[in-house]
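Let's walk through this one together, a stop at a time. Keep the model open beside you as you read.

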Amino acid sequence: MLGEVDKQHERGHNSNLSFGKAPCCYLSREAGVLLGVLMLGVVVGTGLLVHYLAPHTYPNLRIIDRTTPHSQDLEMDAFPPPRQVKRADAMTTSKPHSSHHPSPPSPTPPTPTTSTQPEVMKGQKEESLSGIEQNTETEGKQEMTHEERMEWLRLPLSLKPLHYLVKLQPLINGNFSILGYVEVEVEVLEATTNFTLHIADIITNNNTVKVMESGVEEVGLGREVVIRRHQYDHEREFYIAHLEEALQKGNKYTLSMEFIGLLNDQLHGFYRSNYRNANGTEVWLASTQFQANDARRAFPCFDEPGLKATFEIHLARQTNMTTISNMPIKETRHMVGAEGWVWDHYYTTVPMSTYLLAFVVSDLAHNSTDLDDILFRVWTREEALPQANYALDIGPRILTFFTDYFNLSYPLPKLDMVAVPDFPALGMENWGLVIYSEIGMLYEAGVSSAANKQLAGMVVSHELAHQWFGDLVTPKWWSEIWLNEGFASYVEHLGIDHIEPSWKILEQFVIRRMQGVFVKDSLHSSNPVIHNAMNGNTIIYSKGASIIRMMNHFLGDGTFRSGVSDYLSTLKYDNAVSDDLWEHLTLAAHRDGILPTNLTVKTIMDTWTLQMGYPVITVQRNNDGDSVTVTQRNNDGNSVTVTQERFLLTRQENSEDTHDYKWWVPLTYTDQAEADFSQTQPKVWMKDSEAQITIPHLATKDHWVIFNLHQTGYYRVNYDLHNWHLLTSQLLSQHTAIATINRAQIIDDAMDLARAGLLPYATALDLLGYLPQERDYVPWWAAFENLKFLKNMLTYTAGYGPFKRYVRDLVLPLYSTMGLDDHLDDPVLDQYKRQKVVSWACFTGLPDCLQHSLAAFNAWRETPHSNNITANLKSTVYCHAIAEGGEEEWSFAWHQYLESNVGTEKDNLLGALGCSKKPWILARYLEMAFNESSGIKKQDARTVFRSVARNEVGQPLAWTFLQDNFDRIHAYSANALKGLMRSVTTSFNRETQLKELESLHAAHKGQVSSNPLDMMEMLERVRHNVDWTQRHYQEVMAWLQHRGYHTTLPTHHRPSDNQRAHG
């Protein structure tokens, strides 16, 4: 899945559940309120309560012979028709999609609530609603570490699922309930008297739950195992059937049950979404997002990645809609007793994990093509279908490339890619049914920018890579999720490089992926790549990708591909751990003579995956200059020969981390005389047991040396000051003598070494002096990313003005060369470079840039249906025009947002609307973001908030809004909170701000994220900013002052020459 965590170039979830006690149902927090509403609406005593909650069966639901769990002889009758009820709250405004195909009557659905207690009728004793056992034991949980809790949440090991039959009727145009039936056949691995599986946000009819012995040779001989009692473990989301007798090891049994679920509005599980079509009619659809643990919200299941099974899916729909699932439709039958409804019966899946199952029920349109024997389709809103043409063009080509690259065919008969209006991530790799947000898949030439096109391409490539890494071979548990996301995040670049070589995407990898994750991984609050977490973070994605790239280079491409192909072939349809990959890569490396037989890939890579962080390699020239001493050093500022410790941005004097950080480091290098940057296999290995090594006869004293060619190694490099000065001289005189990626590496290393106190800021900033000569995009990106940190630190200081003048002088030569006239036939990296330099020029207040932006925006206002602003510069022009304007400019942009049919354009406008300098407009915009009736979709609230938070006028407003409305935001979109807090605290660098953040954390512990490391990281970043301000602010100001960018005003009036002449 490509999600928010991953975003340099590319955009998950959990919710708090509660349980309502009832004689035959398990109620989530979403079920609670409507049960209460139902109770309050009782007209005749408790009649309706008895009708809906008392044990009963669905007499018309004859799905299967209980003794034959895999029966193909299904009678497609309708679910029983309880009395139609009105939707509660916002649900009442929704109308059926088509009057020709009304929804059948349906029961009251579960509805969201924040209560953790069951809803009870006034005056009624709570005990009267009991009848099942709920586990409320909490003793000892508070003392659990995150790792311990993750293990505690896992299912017992006694049962292994083999096959599911799932039948769902989502009432999309009714009351948003899901009528469901499930059978799951299991094999008993250890004798047990409990049948435990996952369930959440589901009402079950306990009277229909049955456990039958299965797998017997003669049909009908299966014996029912009596259920003694039912239990629900709220904390772990377990349904437990306690049995009268033990299930016997080696035998097979089938559990079946009927249930009612909910099409929620939280963008997880089986959820509802809507849009307005060309006629302005509101249209509803249903989609899924199950990663990591939300399949249990659609149907009861063994919801862990290591518990693969096959699935037979039946989806009910109205005849004016379509359904899509992982496999092709086997047959469609009319639903008996429900006119206008049919059942789509799908072919049984290959063995797969629950989180990769997917359903879409909608009226979306599609285009298709055939790729050999594979049907390839793209789906989206009918009005947006032309925007899916690019995905339809590149998708089959990328799939073919990966088939060749992995030497393993795509195993399914079809692949659907669906762009839905509401989705919590950029894309999700469901096997055979990849679901995207609209900006993750759609592209409109002339409206969407080159960056939007690259984003769509990268997301498609990422998700298609997952069809092998993640889908075909799946991690045994979420601690190994890097095997999914790290590989997909690396090979996505290979897929795109194959079809779009002019993008130079392999160069972009270094600045977008590796340099992007270096800062997080230099914090004490980082985590190892192999880390027990439900959802990945940037370490999993970007560091995972970076160390795989490093491995590709030190093994060589042929050996790497051979090992990976063997790994996938051996473990297809199965689960894996990292050691499985290391084994196959080692066999390939030994076979090809790449590694000596006494060295394994595991020995090397365990140092990069089992411990967090990375080293800074310090290269110290000796007095003669003809040899160097290399150390993996710490940053305590004492000596270059100290113990091997990780690179940290800020040291913690009293750190409790006593781990001895050491790595196996592949060293590549060249010198000024040789200047050969092509050799990326290591010349020397620095072992994790070596404090230092000496490399003789490398370069003469007056020649520079450069380590980490093309930055293929996941480490930073520091040099003695003499070598830094030689590198600076080379850049100033002839920068192209150094390879493009290494120029970006030198910039990024120097600036972050200065940030950590390992290099004088004067040395790092002097090095940037060559940039006016730089014409390549990649080094400029590295520079801008580091200047962005200085901008954040200086925004509310006296040094902000001088800093902006310094940046203006830095970018002016390139701005003058490139200008605002965008040429769409230019190389893509030139288009990116122009967008970056124009954005920074306008930020510095360059009059020409601001005037052109205002003129272009005003011309659009005069002819609203003819926008001539080039797509690549829209975000910059929109933002600065709205910043320089007032309410009229803002209202015009808002109207254009409402009118636009293109997801990327809407995204641009939402971001730009947060650029206003009018506090009252920004305050109104923040209120609108968390009100779905405002026209802003729930998934886009984070975009709005971030746009305001990065505005120097809006940042204090956003922080205050977050503090004052924390509970409201949490209730509205809990999954967005982590990202909102990160965005608004990026520029925090004062003790008072740190204390406010600490207070918010103390008041809402555990609500920001289920992973405590996320909050620890935020706090550490702010502490680092405070420390940086105390240590380096004056240092940077002195450098600016020395170069004429004064931070103070004159203390007395100086007369002009004319005044002196007449004095």
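Where is the place of Ser987? Look in the loop between helix H27 (977–985) and helix H28 (991–1003); helices here are DSSP runs of H or I with at least four residues, strands are runs of E with at least two, and both are numbered from the N terminus. Before going on, note that this is a predicted model, where local features need pLDDT of at least 70 and side-chain atom pairs count only at pLDDT 80 or more, while totals for chains, interfaces and linings use all residues. Residues are numbered from 1 along each chain as its sequence is written, and side-chain values use heavy atoms, with hydrogens and water left out.

Back to Ser987: it is buried, because its relative accessible area is 11% (buried means under 20%, exposed over 50%, partly exposed in between, with a 1.4 Å probe and protein chains only). Not counting residues up to four places away in sequence, Ser987 touches Asn792, Met793, Tyr796, Gln955 and Gln993, where contact means heavy atoms within 4.5 Å.

Now for helix pairs. Two packed helices are described by the angle between their axes and the distance between the axes. Here the axes are lines fitted to C-alpha atoms, for helices over the stretch in contact, and angles run from 0 to 180 degrees between N-to-C directions.

Start with H27, whose axis comes within 11 Å of that of helix H29 (residues 1012–1042), crossing at roughly 0°. H27 and H29 are therefore roughly parallel to each other (angles under 35 degrees count as roughly parallel, over 145 as roughly antiparallel, 65 to 115 as roughly perpendicular and the rest as oblique). On the H27 side the contact is made by Lys978, Met981, Arg982 and Thr985, and on the H29 side by Asp1014, Met1015, Glu1017, Met1018, Val1022 and Asn1025.

Next, helix H14 (residues 740–755) and helix H16 (residues 777–794) have axes that come within 7 Å and cross at roughly 15°, so this pair is roughly parallel too. Residues of H14 that meet H16 include Ala744, Ile747 and Met751, and among their partners in H16 are Ala782, Ala783 and Phe789.

For another angle, go to helix H11 (residues 578–591) and helix H12 (residues 601–609), which pack at about 140° with their axes 9 Å apart. That makes H11 oblique to H12. The contact is made by Asp579, Trp582, Leu585 and Thr586 of H11, together with Val601, Lys602, Met605, Asp606 and Thr609 of H12.

Which residue does the UniProt annotation "active site" cover? According to that unreviewed entry, Glu463; such annotations may be inferred rather than shown by experiment. You'll find Glu463 in helix H6 (residues 450–465), and with a relative accessible area of 0% it is buried. Leaving aside neighbours within four places in sequence, Glu463 is in contact with Met1, Leu2, Gly427, Met428, Glu429, Val434 and Tyr436.

The peptide bond from Gln291 to Ala292 is cis, with omega near 5°, and Ala292 is in the loop between strand S12 (282–289) and strand S13 (310–318). Asp201 isn't a glycine, yet has a positive phi of about 55°; Asp201 lies in the loop between strand S4 (192–198) and strand S5 (203–204) and is buried at 4% relative accessible area. Tyr573 also has a positive phi, near 65°, but Tyr573 is partly exposed, with a relative accessible area of 30%.
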